[in-house]
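I opened the notebook to record what I looked up in this model. The entries go from the whole chain to single contacts.

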Amino acid sequence: MSQKNSTIQSNKETALSEKTAAAARAHFKAPEDSAVIMDKMLTEDEQLFISAAEPDRDYEPREIEELFYGCSQNPEPEPQDPVLRLYHRGVIDPGEKEGAYRIGNFWSRLDIFATEELDLYMTIPEDIRLKTEDAYLKRYEESLWDADPEKLNAAGGFRPTEDEVLPIEDVLTFIDGKDEQAYLADCDCRSLRQACKAPRDLCITYRTGPYSFVRRGLAKPITKEEAREIVLRSEKEGLVHTINPGGVCSCCTDCCYLFRTAEDKGCLGTWPKVSYRIELDADACVGCGRCLERCRFGVLSAADGPEKNVKPEQKSRVFIADIDRCQGCGLCRSTCPADALRLIRI
């Protein structure tokens, strides 16, 4: 019996023994304490397949299919092409050779799992789920800064990505100017963190690379008009618009990896890029407080007593408390009934 067939036979006999489960975690580059999550986001057949496969090796589609069926405990063939299903679920990723595949990894599968199977994801005990999500955020931060202390110390002048905060009118112009097909996907940040109640179905992407949600079949094509409607809806929801060459995000600050990382690294205001600052016309302000509710960054405040920022003759007690935190998103401006707020390009 060949070594490969011996491995398959052994897996069939032991099913998910601890040894097999440990091998699956190791091959999938999973954290040591990930057994609960692995059991939630992977079928037994998938774990058997991962444990039998060689990490970092390219497999032809035929080899993937043979290995999967060789490990499978289900005697009936899959109703769907197993290679496409494994790719769709993030169990396998594109290989280095064109047309080949290799075993995926725990973190990319987790991203897809939380986004596509949210109900099941939420059955993971909260302490395990949040600890794992914290680790995911740390990995994201390290990937941007390459864990380079010099870059971290120079965060004030370093932009690891092209993300930029823009007001609604500029985002609509950006969408109108794109020639590529737009797609709609659920927000993976909010899916993973679950720290707010904002809608998830607001992520517009133009990315179609081999690792993208589009190629995996996890995003649907939309028209330009539909894309415009999506960002207008996110504006009403009070979400911050960010763009990059690959898409448009509608960000909260509770879950969004972009803004959570910017806060962690102390570079809010530099990264993501800020192109506008808010300006308050104190004489026009009627003090309704709507802007205070909309601002996510603590830029605006209201005085309860004497404040150096508030003029003695000013009717309203609203004032700009920290202009350096302003992202120029325009959320405060869009609900001001007195047109007392305007954006100034910087």
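How many helices and strands does the protein chain have? I counted 16 helices and 13 strands. I note at the start that this is a predicted model.

**Entry: whole chain**

I looked up burial next. Of the 346 residues in the protein chain, 49% are buried.

**Entry: H2 against H4**

I picked helix H2 (residues 18-27) and helix H4 (residues 44-52). Their axes come within 8 Å and cross at roughly 70 degrees. That angle falls in the range of 65 to 115 degrees, so I put H2 and H4 down as roughly perpendicular to each other. The crossing is left-handed.

Which residues of H2 and H4 meet? From H2 I listed Thr20, Ala23, Ala24 and His27. From H4 I listed Gln47, Leu48, Ile50 and Ser51. Sorted by class, the contact has four nonpolar, four polar and no charged residues.

**Entry: H4 against H5**

I stayed with H4 and turned to helix H5 (residues 61-71). The axes of H4 and H5 come within 8 Å and cross at roughly 120 degrees. H4 and H5 are therefore oblique to each other. The crossing of H4 past H5 is right-handed.

On the H4 side I found Asp45, Glu46, Leu48, Phe49 and Ala52. They meet Ile64, Leu67, Phe68 and Cys71 in H5. I sorted this contact too: seven residues are nonpolar, none polar and two charged.

**Entry: aromatic rings**

I searched for ring pairs and got 11 aromatic pairs. I then looked at Phe49 with Phe68. Their ring centres are 6.0 Å apart and their planes stand at 70 degrees, so I logged the pair as edge-to-face. Phe49 lies in H4 and Phe68 in H5, so the pair ties together parts that are 19 residues apart in sequence.

Ring pairs link Phe106, Trp107, Tyr136, Tyr140 and Tyr257.

**Entry: H14**

Tyr257 took me to helix H14 (residues 257-265). Its buried residues include Tyr257, Leu258, Phe259, Arg260, Thr261 and Ala262. What covers the buried residues of H14? I noted helix H9 (126-145), helix H12 (188-193) and strand E3 (164-165) among the covering elements. Strand E7 (240-244) and strand E8 (247-251) are also included. After H14 comes Gly266, and its phi is positive, near 70 degrees.

**Entry: Cys203**

Cys203 lies in strand E5 (residues 203-205). Its relative accessible area is 13%. The cut-off for buried is under 20%, so Cys203 is buried.

Which residues does Cys203 touch, not counting those up to four places away in sequence? I listed Tyr183, Leu184, Ala185, Asp186, Cys187 and Val248. I also checked Asp188, which is 15 residues from Cys203 along the chain. The C-alpha atoms of Cys203 and Asp188 are separated by 8.9 Å.

Terms used. Residues numbered from 1 in each chain as written. Predicted model: local features only at pLDDT ≥ 70, side-chain atom pairs only at ≥ 80, totals over all residues. Heavy atoms only, no water. Helix = DSSP H or I, 4+ residues; strand = E, 2+ residues; numbered from the N terminus. Buried < 20%, exposed > 50% of the residue type's maximum accessible area, 1.4 Å probe, protein only. Contact = heavy atoms within 4.5 Å. Axes fitted to C-alpha atoms, helices over the stretch in contact; angles between N-to-C directions. Parallel < 35°, antiparallel > 145°, perpendicular 65-115°, else oblique. Left-handed = near helix turned anticlockwise from the far one by under 90°. Nonpolar A, V, L, I, M, F, W, Y, C, P; charged D, E, K, R; others polar. Phe/Tyr/Trp six-rings, centres within 6.5 Å; stacked < 30°, edge-to-face > 60°.
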